[in-house]
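Please keep the sequence and the structure in view while reading.

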Amino acid sequence: MKSAEKSGVPSRKEVQRAATFREINSIARNLLVEGGSGAVTINAIARRMGMSGPALYRYYPSQSALIEALRGQFFEELIAFMRAAAAEPAASTPARRLGAICRALRRWALGHSAEFGWLFASPVASPCETDLPSYGDGASCGAFGEVFLEQVAAIWHEQRFPIPNLDDMPASQVEQLIAFSERINGLLPPDAAHVFLKCWIRLYGHLCMEVFQQVAFAYTDMEPSFEECLSELCALLDVPYEPPV
């Protein structure tokens, strides 16, 4: 009889360990939603599981390891949500896919504000030093930014869009755009990358202002403002804006 290892079937111990990981992550997420990032500690999780703190270190060697595992889980969930929206039959053109993923990003962010805050409200350690790091490094946050980048690049390669004259820009900005273009393997040239980054900054900034309620003194419903932002992105990319169905 073949052993579980040789047959590829996980052993009972492996199944139990995987289930414990899922339980730890689920409890940690509940703590985050209920009490914020400060509530997510090894000891707090252990108490809810009826375990000792040291016992939990058999699964995560440190608090930072637990946090990074959860961040990866949240990024994967968000990426899958955005890609599912882009795969919908209605998202039949690059412009429509762009709208679909932007709206999906907003829905996820508003529905998971605690998780969104954990991902984006504080600086991220290397290799994710920005929300758009070098692509191809396998980082979760890189894959997240790449979903948006893919749609802008598809528009660029299908029809092009207006680009600035690099000669009119400060030399330091041009150098950074060239370096960024190289990091994304030339998917966009530096001048087109400038337009992409302008779009990303507007979209990301709008989402943060909404999720963290920075303009609640004026707006209680930010959807019209978000759609206005999306129409401005479409104008920058020279594609038709289509309101949500």
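A residue is called buried when its relative accessible area is under 20%, exposed when it is over 50%, and partly exposed in between, with a 1.4 Å probe and protein chains only.

## Basis of the model

This is a predicted model, in which local features need pLDDT of at least 70 and side-chain atom pairs count only at pLDDT 80 or more, while totals for chains, interfaces and linings use all residues. Residues are numbered from 1 along each chain as its sequence is written, and side-chain values use heavy atoms, with hydrogens and water left out.

## Overall make-up

The protein chain holds 11 helices and zero strands, where helices (H or I, at least four residues) and strands (E, at least two) are DSSP runs numbered from the N terminus. Of the 245 residues in the protein chain, 42% are buried. If contact means heavy atoms within 4.5 Å, then 65% of the contacts between residues at least 6 apart in sequence join residues at least 24 apart.

The protein chain exposes about 13,200 Å², of which carbon and sulfur atoms supply 54%; accessible areas come from the Shrake-Rupley method with a 1.4 Å probe, and for residues only the protein chains shown count as cover.

## Cysteines

A disulfide is defined as a pair of cysteine sulfur atoms within 2.5 Å, and by this rule the count comes to zero. For Cys102 the closest cysteine sulfur is that of Cys234, at 7.8 Å, which is too far for a bond.

## Helix H11 and the segment after it

Cys234 is also one of the buried residues of H11, a list that includes Phe226, Cys229, Leu230 and Leu233. An α-helix has 3.6 residues a turn, so residues three or four places apart point the same way. The expected span of a helix is 1.5 Å times one less than its number of residues; for the 14 residues of H11 this gives 20 Å, and the end C-alpha atoms are 20 Å apart, which agrees.

H11 covers residues 223-236, and Pro243 lies in the segment after it. Asp238, which follows H11, has a positive phi near 60°. Pro243 is exposed, with a relative accessible area of 55%, and its C-alpha is 9.2 Å from that of Leu230, a residue 13 positions away in sequence.

## Aromatic pairs

Rings of Phe, Tyr and Trp (its six-membered ring) pair if their centres lie within 6.5 Å, and planes under 30 degrees apart count as stacked, over 60 as edge-to-face and the rest as tilted. The structure holds nine aromatic pairs. In one of them, Phe21 and Tyr59 have ring centres 5.4 Å apart and planes at 85°, so the pair is edge-to-face. This pair links distant parts of the chain, since Phe21 is in helix H2 (residues 12-35) and Tyr59 is in the loop between helix H4 (53-56) and H5, 38 residues apart. Phe21 is partly exposed, with a relative accessible area of 22%, whereas Tyr59 counts as buried at 16%.

Ring pairs also link Phe148, Phe180, Phe196, Trp200 and Tyr204 into a cluster.

## A buried arginine

Arg71 lies in helix H5, which covers residues 63-86, and is buried, with a relative accessible area of 7%. The Arg71 side chain reaches the backbone oxygen of Trp118 at 2.9 Å.

Terms used
A polar contact is a pair of N or O atoms within 3.5 Å; within protein, one must be able to donate a hydrogen and the other to accept it, and residues adjacent in sequence count only if both atoms are side-chain atoms.
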